[in-house]
Every structure is written in C-alpha cells, then in structure tokens.
Amino acid sequence: MPQIFPKKLDFFTRLSGAVIIMAAMSGVGLAYYVFSPDVLETGYTPVQPVPYSHKLHAGNLGMDCYYCHTTVEKAAHAAVPPTETCMNCHSKVKEKSALLAPIRESYETGKAVPWVNVHVLPDYVYFNHQSHVTVGVSCVSCHGRVDQMVEVKQVQPLNMAWCLECHRNPAPNLRPVQYVTKLDWKPEGDPAEYGKQVIAAKGINPPQNCSGCHR
Amino acid sequence: MDLIQISPAQNATGKKYWRSLNELSGTRGFTDWVENEFPGGSEILDPGSRRTMLKLMAASFGLAGLVACRRPEMKIIPVSKSAEDVIPGKPALYASAFVNRGVANGIQVEVHDGRPTKVEGNPMHPNSQGAASALAQASVLSVYDPDRARTVHEGATASNWAAFDKAAASLVEGFGAGGGLRILSERTSSPTLLSVKGELLKKYPEAKWAEYDSLDGGHAIAAAEMVFGQRLQPVYHFDKADVIVSLDDDFMGEDAASIEATKQFSKKRKVSKPGEPMNRLYLVESRFSITGAMADHRLRIKSGEVLQFASDLAVEVGAKTALKVLKPGDATQKWLTAVARDLKANAGKCLVTAGPMQSAQVHALAFLINQSLGNIGSTLTFSKAIFEPAQSIGELAKEMGAGTVKTLVILGGNPAYTAPVDLGFGELIAKVPASIYLGAEMDETAAVAKWHLPMAHAMEAWGDARSTDGSATVLQPQIAPLYDGRSAIEIAAQLLDGKAKKSFAVVQGYWKSVSSAADAERIWRKGVHDGVMPGSAYSEVKVAFNAKAIPEVAAASLAGTELVFLSSNLGDGRYANNAWLQEVPESMTKLTWDNVAHISPKMARELKVETGGLVKITLGSRSLEIPALVTPGQAEGSVALQLGYGRTKVGRVGEGVGVNVGLLRTSEGWAFAQGASLVATSGSRELAITQEHHSMREPDMPGRPGELRPVVREGSLEEYKKQPRFAPEVDHAEEMFDLQGGHDYSKGYQWGMAIDLNLCIGCNACLVACNAENNIPVVGRDQIRRGREMHWIRLDRYYTGTEEDPQAVMQPLNCQQCEAAPCENVCPVAATVHSPEGLNDMAYNRCVGTRYCANNCPYKVRRFNYIDWHKNITPVGEMVHNPDVTVRMRGVMEKCTYCVQRIQEKRIAAKADPAGRRLIRDGEILTACQQTCPADAITFGNINDPASAVAKAKAEPRDYTLLKEINTKPRTSFLARLRNPNPELKA
C-alpha cells in the first residue's frame, strides 16, 4: 500500500505539535498570571458614593486613622465610621457642599451610606485587625500609603502566599504600637533588626497552620 | 446528560427543611436531590443556566472579560448613628431564660450584630449554673422559622393588628363582669403575666383563667396541697442525696427542671479519686429513659404499677402500716426490700422522687416516704408554688360545650392538638362566638379560632419566669419581632382596657412596682443584667405533714396492654417545625424524624413484628397504626408512645412527620392507659435510626467475625477502689512503633479534652449546641437513612446485659484529634493537617472531597457534604449562622474542630489584653459542648499545664483512650463509667 502522506510531512507534524504545546503552555502561563491576585486584585479602585479623600483628611489635615476606624484595636473588623462621625465636623465645615449631600441625607434619614468594600477577603478567611494592630503591625503594611490616596486603592494582592510571607518573617513589619497609624514612620537603623527585637520582647509567633486563619 | 431532565420544577412532593437543602424552594423534593446527586458527575443546573454558564466560560477565556472574574462589588453598611457599646462584628451576650413548660432555665443569648445566633447557659443563674438543655439550644433556630405566622388572621383571611385592636376594644367593652370570658394559658410562672391575671380577675370577677400543660399534670403541687394543706413546690436537692429512688421520674431527661437536677446529680456522681463515695440511683419505670441509663438499679414495671410500688415502698420503710404489702412477685419483692434497707441506712440523706405523669397520690406517697426518712428539710424542701391554681382544661371544655363561654382567649399552647382527644377541643373552640388564639404557627388551633394572632418568640419580647425555687428571670428580647408578633403578656394586658400594650412597659412596670421606689431602677438593671432578679427566690416553708390525707391504694386493674404517653424531642409537639430537634437522634433509640411504639423484645416476638413493622393499637373505640420499635429495657406489657408528632398544620419541617399518638390520649388515660390491644399489620416503614451508622466494630475477616473493640469501659465503685487502673489496663502495654513521630508537643498550648462517661447522661444538649455553634446543616430523613447525618458529635449508646433488661452507657464521640492522625496521611491535597497545638485542622477550601480521610478514620467522626445543604437557604434562615465559622459547601469534608474559633477568639483576647499580653487562662476557653453540658462531663484545655482541669482529669486512673492499639494517640480521652450497685442486689 502506497503511503498517503510524504515522509517530509513528519517534520511539520512534529513542528505543529510543538507549536500547539508551546501555545497551550504559554496560554496556561498567561492565564495563571492574569488570574493571579497580583493582577486581578491589586489596583482595585472602586468609585465610592461620596468622593471622600483620605489624602485630604489623613494626609493634609493629619487626622489619625483611629479617629474614624475606632474598632480596629478592639475587634476583627476595622469598622467604617457611622455617618455621625462625618457630621462631627461637616455640620460646621462645608455644611452646604453638594458632594456631601449623601452624608447629610444619611444623617437625617438614618439610612446607611453604601460605601464600597475595597479590601475583600474570602468568607473562609478570618482576618483580625485587633491581633495585628495591637502587636505593632502598621496599617501601611497591608493598605499602603492611604494618607496619599485620593481614592482608596488596593495595593497588595491580599492572597495567602502574601499573608504567609509576613507570618513567616514578621520582623520587617513590626513597629512600636504607638506608631501603628503613623504611616511614614521608619525606625532608626535596619527595620528588620528592630523587628527582631520586638519579636524577642513580645514573643511574637504568628500562626502558620490552617486554623490560624481558617475556621 | 440531559439537564432538562433534572429540572427543579419536576417534583413537588417530599419533605422540605428550612435550615437545609429544600429551604423555600417550594418544589424540590427530597428524593430528587438524592437521585440527582451525581448525575454524570455534573452540577445541578437550572435549564436556563446552561447558556449563562457557557457565556461566563467564554467571558473568562477572553482577557476583555477579566472584570467578570473579580468578586462582585460588595458594600459596607455602617450605621448612621452609633449605639453605645456596640462593636460591629463582636458578639454580645444577653442574660435571659428559656422557659420550658413554665420553668425558667437561665441562659445567655449570643447576639451577632443584632441577630441571636446561639444560646449559652448562664453561669450567674442559680439553677442552670451555666448549662442549657437541647431544647434551649435549639430555640434560637425557631426565631428564624419561615413558617411562623406572619400576620393577624380573622378566620381564614389575613388581617392586621389595627383591625384586631379595634375588635379587641369593642370586645372588652362587652365583657361586663366577665361571665362569658375565659382565658386559656400555657402553664406559666411568669410573675408579670400572673399579676396581669390577678388584675383581670379583679376587673372581671366572673371570668376564669384556665391553664393546660400537656406533659405535666401539676400533681406534685396537688400532692403538697393534699398532705400539707397548702400549695407548695417541692424543691429537690439531688446534690445532698446519697441514695435516690425515682418513681417513674425521668428527672434528668423530660422533666421541666432537668438542667438543675442534672447539675446537682452530677455533683454527687463525680468521683475524682478511687475510694471517693458516689451516689446510688434506683429507678422504677416502664420505658428506658436516660435517667434509667444512669441508674445503678432499674426496675422495669408498668407505669400503672408504680402507685402500688410506691405504696409498698412506704410500708417497707415503715412510713405507713395501714396497708398490707402486696407481693407482686419475688424478684420485685427482693428489689423492694433491698431498696428500703438502703434508704433506711441513709435516712436524712436520701431522696424519693415521683414523675410528673404519675398521680398526686404517688407524689404524696413519695413525700410520705421522705418525711418518714427525715429527708424533708435536707434533700427535699418546700417553698411557695411557682404556679398558681387555675381552671382545668376539662372544666373549661365542659363550659364551652354548654355554650356559656362567649369569649375565649388562648395564650399559646396549641390546645386543639395537645388537649385530650375526648374533649374534642378543636370543635369546641369553633363553637365559641369569639375565640382569639395567640400562637406562633399557623397550627391546628389557628385553623379553628376566629382570630389568630402571631406570637412573638421568647427572644423577641420582654417576659419573665421563675425556676422551681422561685428565682425569677427577666427575659430580654434580642431582636425586634421578625414577623410582627406580640407576646402573651401583651395580649393579656390588652384585655384589661382594650388598648394595645408593649411588653417592656408591662414587665418593667411590674418589677418596679414590687421593689421599693428608691431601689427599683437599680434592682431592675441588676436583675436584667445578671439574669436573675435579686431576692426573688422563695424561702423554705416549714411544713406539717398530714399522712391521713393520702387515700388508700386500691388494687388497680392492669389488664391488657398499657400505653404510656411521653414527651419527645419535640416536647408536646411545639418544636415540630424545628429541624434541629427533628434530626437529633432520640437519646435511647437513636431514632430521628419519626415516632414509634416502643415495644419490648418479648412483645415483638409475640406479635411477630420487627422494628419498622406497623402495629395497630386499639384503645376503646379509638385505634391507630404506627411503626413499632423493638426497644431493649421496655417493660413487658407496656408500650411507650411519644407525643408531638403527626402534626397536620405546622410548617414545612414538621408537617406529617410521624403519627399523632394523642389520638389515643383521653382525659382518663392522659398519662397512661390500660386495656389496649396491639396487632401487627402488614405494612412497614423504614425508620431513620442512626444507631448502626459509623460503627467502630472491626470488620469481619475470613473465618473470624468482627468484634466490638473495647471502646466503652465500665466498672463498679468497688472495683475502682481495688483496681484503680481497670480501664486503661485493657490496652496492651507494649511500646508501639510510631509511624509519624518526630513532633514536639511538649511546648506551648496543647489542646485536649476529657469526657467523663460516669457523668454523661446522653441528653443531646452538646449535640444541638454544636449544631448551632458550627453551622451544621440538617439533612433530613432520607439522607439519614443513607448514613449521611452531619452531627459532629455522635452520641453512641451502648447496651450491656440481656436484651430484655439491659443497662446502657452513653458515649459522646467527636473528633479525637489524634496526634498521629490517620486521616492526614491519606489526604492528597493536604486539606487536613496538624497544627503545632495538636489540633487536626481542616481547611475546607482545600478539600476536594476524595473522602479518603473518612475512610481512614478509625473513630468514624468525619462527615461529608454530599449535597449543598445550604443551597436554598433564605436570607432570614442565614441569620442563624455563626459568622465565626465557615459555612461548608458541597463536596467538602468536615468534623469537630474543638471549636477552634473559640480558641482563636480567646487567644487574641489574651494577646491583646489591655492589661498586657498574657497566656490563656485555664477554663477561659469553653467549647460549645462543654459550655452547655448540664452534667459537667466535658473538660477542655491545655494538657501541657499540669494545673489545668483537663490535665487533672487525664491524670485520673480511669482515663483511657479509644483504640489505643492502633497508636493514633488521641487528644480526647474518656473516664470510664462507674456503677454503684447495691451488694444485696448482685444477682
């Protein structure tokens, strides 16, 4: 029986096979990259119902994070403040501003301002602000320089590998508890060296087992 | 595979469970789920969603569709104005009470962001002392029951409160002296409601207040009235009694004050060292109760024979001489003599109790025996009765039949279902010109009443109630009424002047009126906060005994078969729509989602019927068919029937579950009836019984049948004294090769648990507490029959002895948290791995559902989500979930975690303590099962700390671990069961 395909076609068959495999592999690689939290989550900047500027309040005016996020050292959630907190100042300052209309409305009607959640963790992750802030992990470690953000943006991927980086080596992210909200604070000398002293002094041993964060 | 074939609209029949799979789907039947479980390995999709899915897939392949890959935008909803002391995400505990048939059980309700999610015992309450019952634990689920009545109904048409308020105002105008007004309440000890009652009877002197409790005839108080001439409440002190004789009294099980009794009983049951004394319990009963399982000696006789026994015992201890001792047979006589001798030897520190279903005469005889043994004043005291006299339901029915009742107000209780069948109460209600029914569900009574008003749940309105010793607890609402309900106090108060009332004003008004004006606010605040009103307990009343008042015992005719009516997991039927309670295996029989006729093995042979076979029970002119359950330990000639099932109108969960045995229950044979006959019929029903699931038996090998490994170990108090290490010595002593090894568990916290089998009574409180704490789904009857129940605690009940008259041991079995866990070795994705603190962690999100771990678990404690049980849950149903625990999805394995969320909570609290970083204190972490346990059988803590309670428990000589020979090194250990038999009765 004569051959239907010439022998030299083998080369092209192999070549196209290789091309397909390489294309598939690069496709997988590309998908892995684009679906990774670094790409998907980092940089998320949703539009908020009120164009509240952290840069203005926390940066220029120098308000402390604790002024609004009062529960951060007491509970798992760093609560978004009630409308009342805004009105502490805005009943006197910019009390007529059109941009603040939703705030005034909320204050009068008792209905909440529907802020958009920027930093979202999956439901099976039980992150606790209290245990981090009270031990000297600054806001800046996870949230970035919020005091320089007009609109709050997610700057870290917040995936498990990223969490574990710090849980394995917390030293670079530790500071005195009183400077936790001072986002531009730098220790004198090597931050890692300083962190090591804190670890030794407080016996810090972040969990690396599943139930540390998953319950 | 054709997706259209499995359209959810296909099957409209079958059961629905509101906590679980069929919640509100309205269509999907139970069996559909089962059949569709793995249709070609596919998901169950709506027909329309196939296209949606393809679209989504296409989008996910294109880079342009990346936006769709982000999680959906989520909102943060802060309050507009903050409330004091409320921290979002932090639960708060509010003291309140769970009222079980009029008796308060002090609880704390855990409230997460405004929604009650969990009941805990209130450690500040003098009676509950930190424990809560299974019923109390499950009550939180009823708050979110979507089948609760939502609107006022006038007849069959929906109305509203405004219309009712108007109608009530005009009704009240016509009451006059109240000649035609009758109020039927559940049995109540509520000081506020009783004061409203007093005002009502003052304003309408001819009106009457009736009370009915389906499970307690109030015979104890009636007996006190008989022999002391005044209505007094017997207050038992089991913690002072060395010998207890219970006359058909399941005081640790069905009794309304069981928590208190169990707390006290276990204090005398606890043996820390060999040689320490322990109490001895004798029990006389017809069916095998959980108190019977604790008994050192149990006598099986018909409930109808208990009166005779009580009388004989009274003669035997010398309490009375008038009647000659009848000799029912030598065995019983020997028993009787031995018990009497033991009682006399312990005069002053023994106790005889009688069950709530036994007559006042039996109670009076029990008082007489206690009196003659000098127990009154020590183990038995009397104080003012917490219940007031009221018209009986029989008298009320007579008046209703005569047509003299013009207005009938029913405050809860569903009497159309629970009242004795011969009264025909449902039809009588329909005859009353104006009937108003306040009830939580659209139930049998709602169907016949003119007005049906939705009743607020106990967690939705202010109220109060007393414990047996009189201490009063104010019930705080934790949530505004979800379905616009009102409470009994509000409706009763409305009858005074026709105006709608708020429970807060009425309850607070009452309490401020009874304390001195200067102190009223302080007392109110302290009482509400602590969960017990200061100074509300009644003081002891000194009594003068009049033995002559007890009527002579006439020989009763006990011909034919006896029927005994009992409470069930569903109470008298009021919890029928509570899926947690439907699914909890009944303590002794492990039966779920059904009720049966409990018959003895001998009777089963005579009737030629097996478990599940239908029997026809005839009593007089009434008969019904019910599946039989062959129950070891059941008295001969006596059949136990559990009430609360066969509800016709209640809601999705409870409707049509089981058989309404109340149809055989007449006023005369209310507690038990003689002269019934049974015949086996041809039909049968496959019962959902969990007792054979997850067995730790060895598998059969060729040529050698498998044996039950020695998982339960028991000995007598004497043996323990002689050979303290009798339990661990069962195991082989040789050093074993360690397969895993290498882990250093000598540092830091190392969590461990010890369960004292000598204290565990098998009441199921831990099981329901675990349900609530860990968001455990309900699976339903069919799935249980497939062995797919999800309870993390398996309460094994082992029988020992003969089939006819065995003894029983309870063994709660949760994940043993093995140090060398066999499950971890076989997980291909490392979803279950060890923590440095010795916990066998379960990462749900990693689990791919191979189920290898469950296969390899020698203790059979892993549970697999075969179905997405939470799939169709409503937003209201979701509110019961504990936000600190992940809700597991389909295809995921789960198991006990030692309440790791509680460990972490306390760890963080200890680290962030404002007073400085510190270690977790012993006893600070209480697992959900341990917290609620009325017997204090469970200890948990750090085994590395020799001073911890758990380390001390594990150091006791009785301590042993299960299946030690396979070297899994479990962190949970058991303290062997002890019995304290009377040497005289050793056969």
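Here are some notes on this two-chain model, which is predicted.

1. With a radius of gyration of 25 Å, well over the 17 Å that the globule rule gives for 215 residues, chain A is more spread out than a compact globule. The C-alpha trace spans about 95 × 50 × 35 Å along the principal axes.

2. Burial in chain A comes to 23% of the 215 residues. As for how the chain folds back on itself, take the contacts between residues at least 6 apart in sequence: 71% of them join residues at least 24 apart.

3. Chain B is another story. I'd note 29 helices and 39 strands here. Its radius of gyration is 29 Å, close to the 30 Å from the globule rule for 987 residues, so chain B is as compact as a globular protein of that length. The C-alpha atoms fill a box of roughly 85 × 70 × 70 Å along the principal axes. Buried residues make up 54% of the chain. Of the contacts in chain B with a separation of 6 or more, 73% are between residues 24 or more positions apart.

4. How do the chains meet? The interface has 38 residues of chain A in contact with 38 residues of chain B. On the chain A side, helix 5 (83-90), helix 6 (101-109), strand 1 (115-116) and helix 7 (129-133) each supply at least two residues. That side of chain A divides into 19 nonpolar, 13 polar and six charged residues.

5. Strand 1 of chain A runs antiparallel to strand 1 (residues 75-76) of chain B, and two bridges join them. Within this pairing, W115(A) sits opposite I76(B).

6. Next, the nonpolar cores. The largest has 278 residues, and the members touching the most other members are L247(B), A310(B), I369(B), A492(B), L563(B) and A597(B). Helix 11 (residues 360-372) of chain B contributes the largest share of this core, with eight residues. A second, separate core has 14 residues, among them A58(A), A78(A), A79(A) and L174(A).

7. If you leave aside neighbours within four places in sequence, A310(B) is in contact with L247(B), V362(B), L365(B) and A366(B). L247(B) turns up again here, having been listed with A310(B) among the core residues that touch the most other members.

8. Which strand of chain B has five of its five residues buried? That is strand 15 (residues 407-411), so it is largely enclosed by the rest of the structure. T407(B), V409(B) and L411(B) point one way, L408(B) and I410(B) point the other, and all are buried. As a reminder, side chains in a regular strand alternate between the two faces of the sheet.

9. Strand 15 of chain B has parallel partners. Strand 7 (residues 181-186) of chain B is joined to strand 15 by five bridges and runs parallel to it, with I183(B) as the bridge partner of V409(B). Strand 16 (residues 434-439) of chain B also pairs with strand 15 in the parallel sense, over five bridges, and there I410(B) stands opposite Y437(B).

10. There is a closed barrel in chain B too. Six strands make it up, in the order 20-25-22-24-23-26, with mixed pairing. Neighbouring strands of this sheet are turned by 45° against each other on average, direction ignored. One pairing to check is strand 22 (residues 597-599) with strand 25 (residues 638-642), antiparallel over two bridges. Here A597(B) faces L641(B), and A597(B) is also one of the core residues touching the most other members.

11. Last, an open sheet of four strands in chain B, ordered 36-29-38-37, with mixed pairing. Its edges are strand 36 (938-942) and strand 37 (959-960), each pairing on one side only. Strand 29 (residues 751-756) pairs with strand 36 in the antiparallel sense over five bridges, and A754(B) has T939(B) as its bridge partner in strand 36.

Terms used
Residues are numbered from 1 along each chain as its sequence is written. Chains are lettered from A and ligands numbered from 1 in the order in which they are written. This is a predicted model: local features need pLDDT of at least 70, side-chain atom pairs count only at pLDDT 80 or more; totals for chains, interfaces and linings use all residues. Two residues are in contact if their C-beta atoms, placed from the backbone, lie within 7 Å. Ala, Val, Leu, Ile, Met, Phe, Trp, Tyr, Cys and Pro count as nonpolar, Asp, Glu, Lys and Arg as charged, and the others, Gly among them, as polar. Two strands pair if DSSP finds at least two bridges between them. The radius of gyration is taken over C-alpha atoms; the globule rule is 2.2 Å times the number of residues to the power 0.38. A residue is buried if 20 or more other C-beta atoms lie within 10 Å of its own, exposed if 12 or fewer, and partly exposed in between; C-beta atoms are placed from the backbone. Axes are lines fitted to C-alpha atoms, for helices over the stretch in contact, and angles run from 0 to 180 degrees between N-to-C directions. A nonpolar core is a set of buried Ala, Val, Leu, Ile, Met, Phe, Trp, Tyr and Cys residues joined through C-beta atoms within 7 Å.
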